[in-house]
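User: I am new to this structure and would like to learn how to read it. Could we go through it feature by feature?

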Amino acid sequence: MKVHIYTYGCQMNENDTEIAKQLLLDGGFEVVDSEDEADIVILNTCAVRKKSEDKVYSHIGKLRKKGKRIGIMGCVADKEKENLFKRGVSFVIGTRAIAKVPEAVLNAKNGAKQIYLDDTLDEIDYHKVETRSSKHHAWITIIYGCNRFCTYCIVPYTRGREKSRPMESVLLEVRTLVEKGYKEFTFLGQNVDAYGKDLNDGTSLAKLLRETAQIDGVKRLWFLTSYPTDFSLEIPQAMVENPKIAKSIHLPVQHGSDKILRAMNRRYTREEYIDLINNIRNIVPDASISSDIIVGFPGETDEDFEATVKLVKDIKFERLNLAIYSPREGTVAWKHFKDDVPYKTKVRRMSYLLNLQKMINRELNESYKDKRVEVIVEAQAKNGLFYGRDIRNKIISFEGSHELIGKTVVVKVTKITAGPLYGTVEEVLE
């Protein structure tokens, strides 16, 4: 039985796909790279935005025309559940039921239609997962779910409440991967800063970062995604103590207006967020801070938007992910707030912030001109150049070769843009 998995959405979905592939191989199934040669195609889905969900339904339609058996994993599975059977799906696997993938595929082969929503995360041997998308970098999910319930967000309803993995499980996974040559790790969670709080044993993200950094062979550590009121200043302190921990913090603010933040149920004020950023920068002056912002949230006035613009200008984020608000069925905002900001206004505001951020990026990138930085080489881009990231998550492109992928090189930055930087390799460190 040949199985193909197509992944939509976030890095956590990528990691879930890696785990599912390993489980399938262990179950005696063949995992293939093309859906055309597969007997069963599993879509690992995203439901954060309606557009993402619509892509899944379109894909289902195409697969049905090809006569494929179809399985659904990810957030759409938990959101729609048995409703997916009406679309011709053979099985549905919730975000915490990954361990049931082999059973679901076997039953689908025999014509059964089943839904799996029980939590089976404890049944997974994470350290045995070898089906990674990279040979030097590994995604590692350390906490599942989210307890924040922002009014616009569907994730708490699809991913469930927060559940942390025991620290020893994570450290065992890292040690096992280091033995296989991995050197770069990204700890993942919908709210990664909440890691360990449900374990009640003193476990925290800062403690995990410190413990992982002590493992010989670990070169660099990242983490995604943070929530302001859960973020601990122990984390930047750990960055100062250990150069293996990347000086990069993704800390979504979502808006610059206190009125809109309250409507979003974000649990902090504009000033509290600014104070947090200032405290981080006092500890790590060269920390790279990136963020997310939603434009056009219900009730957003020109004054509210200007508050966001001023916040962006004052903080000067290294990167900014921008999204136009769209109602997600089942959320508080969808139930109780009127989507009253005209679409043209949303687009105009989005465009303004995009252009503003480009100017900020260009300004911040100027500090890299003629600088020599250590970069772990990731891959070759479509333009033929190779690229990697420095300790501040700055993407740098350069001439190279496939032999450099996964190695640490010293690059001299020679060209500045509002996006990636460009340079030349001056030294290979390993």
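Analyst: We start with helix length. The expected span of a helix is 1.5 Å times one less than its number of residues. Keep in mind that this is a predicted model.

User: How many residues does helix H11 have, and what distance does it reach from its first C-alpha to its last?

Analyst: Helix H11 covers residues 302–315, which is 14 residues, and it reaches 20 Å between its first and last C-alpha, close to the 20 Å expected. Just after H11, Lys316 takes a positive phi of about 55 degrees.

User: Which residues in H11 are buried?

Analyst: First the general idea. An α-helix has 3.6 residues a turn, so residues three or four places apart point the same way. In H11, the buried residues are Asp304, Phe305, Ala307, Thr308, Val309, Leu311, Val312 and Ile315.

User: Which strands pair with E15?

Analyst: Strand E14 (residues 372–380) runs antiparallel to E15 and is joined to it by four bridges. Within this pairing, Ile376 has Arg389 as its bridge partner. E15 also pairs with strand E16 (residues 395–398), again in the antiparallel sense, over four bridges. There, the bridge partner of Phe386 is Phe398.

User: What should I look for in the hairpins?

Analyst: Check the residues between the strands. The hairpin of E14 and E15 has five residues there, and Gly384 takes a positive phi near 95 degrees. In the hairpin of E15 and E16, with five residues between the strands, Asn393 takes a positive phi near 65 degrees.

User: Where does UniProt place the feature "binding site"?

Analyst: The unreviewed UniProt entry places it at Cys10, Cys46 and Cys75. These positions span 66 residues in sequence, yet no two of their C-alpha atoms are more than 10.7 Å apart, so they gather at one spot.

User: Is Cys46 buried or exposed?

Analyst: Buried means under 20% relative accessible area. Cys46 has 11% relative accessibility, so Cys46 counts as buried. Its place is the loop between strand E3 (40–45) and helix H2 (50–65). Beyond four places in sequence, Cys46 touches Tyr8, Gly9, Asn13, Ser52, Glu53, Cys75 and Val76.

User: And where does Cys75 lie?

Analyst: Cys75 lies in helix H3 (residues 75–80). With a relative accessible area of 6%, Cys75 is buried too. Leaving aside neighbours within four places in sequence, its contacts are Thr45, Cys46, Ala47, Thr95, Thr158 and Arg159.

User: How many residues does the largest nonpolar core have?

Analyst: In soluble globular proteins, nonpolar side chains tend to be buried together. Here the largest nonpolar core has 70 residues, and Ile142, Phe185, Phe187, Phe223 and Leu353 have the most contacts inside it. Helix H6 (residues 167–179) gives the largest share of this core, six residues. Apart from this core lies another of 28 residues, among them Ile5, Leu24, Phe91 and Ile93.

User: How is the protein chain divided into domains?

Analyst: The division gives domain 1 (2–116) and domain 2 (370–428). Taken over C-alpha atoms, 36 Å separate their centres.

Key:
Residues numbered from 1 in each chain as written. Predicted model: local features only at pLDDT ≥ 70, side-chain atom pairs only at ≥ 80, totals over all residues. Heavy atoms only, no water. Helix = DSSP H or I, 4+ residues; strand = E, 2+ residues; numbered from the N terminus. Buried < 20%, exposed > 50% of the residue type's maximum accessible area, 1.4 Å probe, protein only. UniProt positions renumbered as here; feature names shortened; annotations may be inferred. Contact = heavy atoms within 4.5 Å. Pairing = 2+ DSSP bridges. Domains from an automatic or database assignment. Core = buried A, V, L, I, M, F, W, Y, C linked by side-chain atoms within 4.5 Å.
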